[in-house]
Amino acid sequence: MQFYLDGYKPGDPDILTEELPDAVDVLIVGSGPAGALLAAQLSTFPGISTRLVERRDGPLQVGQADGVACRTVEMFDAFGLSGKLLREAYWVNETVFWRPSKADRSRIERTGRVQDTEDGLSEFPHLIVNQARMQQYLLDYMRNSPMRFEPSYGVEFVDLEVEPEGEHPVVVTLRKVANGAESTVRAKYVVGCDGAHSRVRDSIGAVPSGDFANHAWGVVDMLAVTDFPDIRLKAAIQSADEGNILLIPREGGYMVRLYVDLGDIDPNNREAFRENTQEKVIGIAQRVLHPYTLDVKSVAWFAVYQVGQRVTDRFDDVPADQADSRLPRVFIAGDACHTHSAKAGQGMNVSMQDAFNLGWKLVSVLEGRARPELLRTYNIERHAIAQGLIDFDKEWSKIMASPPKDPNHPELGGVDPAELQAYFVRSGRYTAGVATHYPPATVLTAEAPQQNLARGFTVGMRFHSAPVVRVADAKPEHLGHAARADGAWRIYAFADASGRRLRELAAFLAESPNSPIRRFTAAGADIDSVIDVRAVFQQGPRDLKVEELPSILLPRKGRFGLVDYEKAYSPDLKNGPDIFDLRGIDRERGAIVVVRPDQYVSTVLGLDAHDELTTFFERFLLDRRGTRTSATP
């Protein structure tokens, strides 16, 4: 085996890396949660040239975010990665609350214990696994993708310019960190995932605004011996005079993370909080936990940081007064868009949701499936979500940083520990990541006149999965797990009582020249590559004959025209309630539920609303009858 011909390069010689090309479809700046997820999604499409640059000299190794919301696990399932997460992560099953003892306020006592996420919120739990591992999952996914994708490390973003026309109108200047050598890359689109101090954000003139940090926290990942009884439960701990702690057990059974309250920041000396050493932060934690002891044996990671809430005015390069006349070419995601505290566990999760929202839209445009105007919806949808996150975080951070109210001196203020626990329970849907709601502000979300046909699949919210049985092989499945990170839309057709309307819909989709599948799928592409049709019947799998299923549910695919048998389902009465009852499906009339590639419900229609279904997709998809599948400018 020969290598190092053009100079020594560290790392595995079996992994072939190359210099950045002169032109790419998508250039991603920053390999944090947003950048890694976006690159993973794009790496699935060999017809789309993508590069990811990172100024660090290699992948993140330790520390930073650790909370993985239920919704994020649902999203990772679309990449086939939920099993690894579930096996490795700490499961947050319950949360406990500690406050000063009424008998002796120098001591803490347990005052509450609640289930972390409510029953039925998601089939997946709230997890804890460090950010470095989350990113490694995505890096491994890229490496195994058709693109055999590898980031370009040691390369930093310098500046960019968007030219008014051209196939690759974004001209990007990059610099090698090791020697300062600069190069120019042209791109169709650039996405800045380069953090709170984003240079990409600065280059497009986007401006973050909001509150300056006014509170400081220390965070320590440690291996310790303690007699604190709830060391393996998530715990919100309030002491009378020493501050507060948010305790997060970590994966692996032994490590624990402590977020330690360091108090208000002096506005005249905003950097003074950085003088808090590891030893000082641990000392505060030991005093908060009194009368329990904390003997720290090893520290895996330590940091101090400020709590501030800021949101950028726009998430693309188009100023508000040009939104109707210009199409976006540069986007930002993650911390470049929004910064906030870590206590609600939303930073990494919302950042990856930004990327998941943008990724399938870039795929749709670059592969010629959708009009470029589709990309305008990213800023509209995600900016509203970021603003909601900031509003939530302000309230949550204020509560977490407040001292407990002294019942003997109520005039001193503070927060009632019971109020903290009640707020935690009320905000459970938000912190689980399932409260995101896209209103009908863009072409992607329709008004919902037929919402009553499927009350449990709220238009604008994520598709809430439920147990089913696959007809062909009687395998129990979760219906939502049919979704892959492949840029395809899903039509879930729930059968009417007689089954007649479902079969008429299936015939329309398979045969009519006005079928959205026939109109919007290019010749030569698999029939489910743009719109994937799935059906749920009311009968059990033994009451249905596979050979009598509609042809659209037995599509022939691939070079050999093999049959896909995984499109038809029945209710799973062994592992839960009937999906028709669980999700409020009208049994007499049935329903069509249209789901976006990022797993959000776009519209609910009647089974006989054939023309309305096609009209919905006409709003953004391109008619591709007579065209061949290929990536386009």
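In the predicted model, an open sheet is formed by 7 strands in the order 20-19-25-22-21-26-27, with mixed pairing, where strands are DSSP runs of E with at least two residues, helices are runs of H or I with at least four residues, and both are numbered from the N terminus. Two strands count as paired if DSSP finds at least two bridges between them. Strand 20 (476-478) and strand 27 (601-605) lie at the edges with a single partner strand each, so one side of each has no neighbour in the sheet. Within the sheet, strand 22 (residues 531-536) runs parallel to strand 25 (residues 568-571) and is joined to it by 2 bridges, and A535 stands opposite A568 in strand 25.

Residues are numbered from 1 along each chain as its sequence is written. Because the model is predicted, local features need pLDDT of at least 70 and side-chain atom pairs count only at pLDDT 80 or more, whereas totals for chains, interfaces and linings use all residues, and side-chain values use heavy atoms, with hydrogens and water left out.

Helix 4 (residues 131-143) has 13 residues, and its buried residues (under 20% relative accessible area, with a 1.4 Å probe and protein chains only) are Q131, A132, M134, Q135, Y137, L138, L139 and M142. At the start of helix 4, a side-chain oxygen of N130 comes to within 2.9 Å of the backbone nitrogen of A132.

Over the whole protein, which has 14 helices and 27 strands, 56% of the 633 residues count as buried, and the C-alpha trace spans about 75 × 60 × 55 Å along its principal axes.

Terms used
The expected span of a helix is 1.5 Å times one less than its number of residues. Buried means under 20% relative accessible area, exposed over 50%, partly exposed in between (1.4 Å probe, protein chains only). A polar contact is a pair of N or O atoms within 3.5 Å; within protein, one must be able to donate a hydrogen and the other to accept it, and residues adjacent in sequence count only if both atoms are side-chain atoms.
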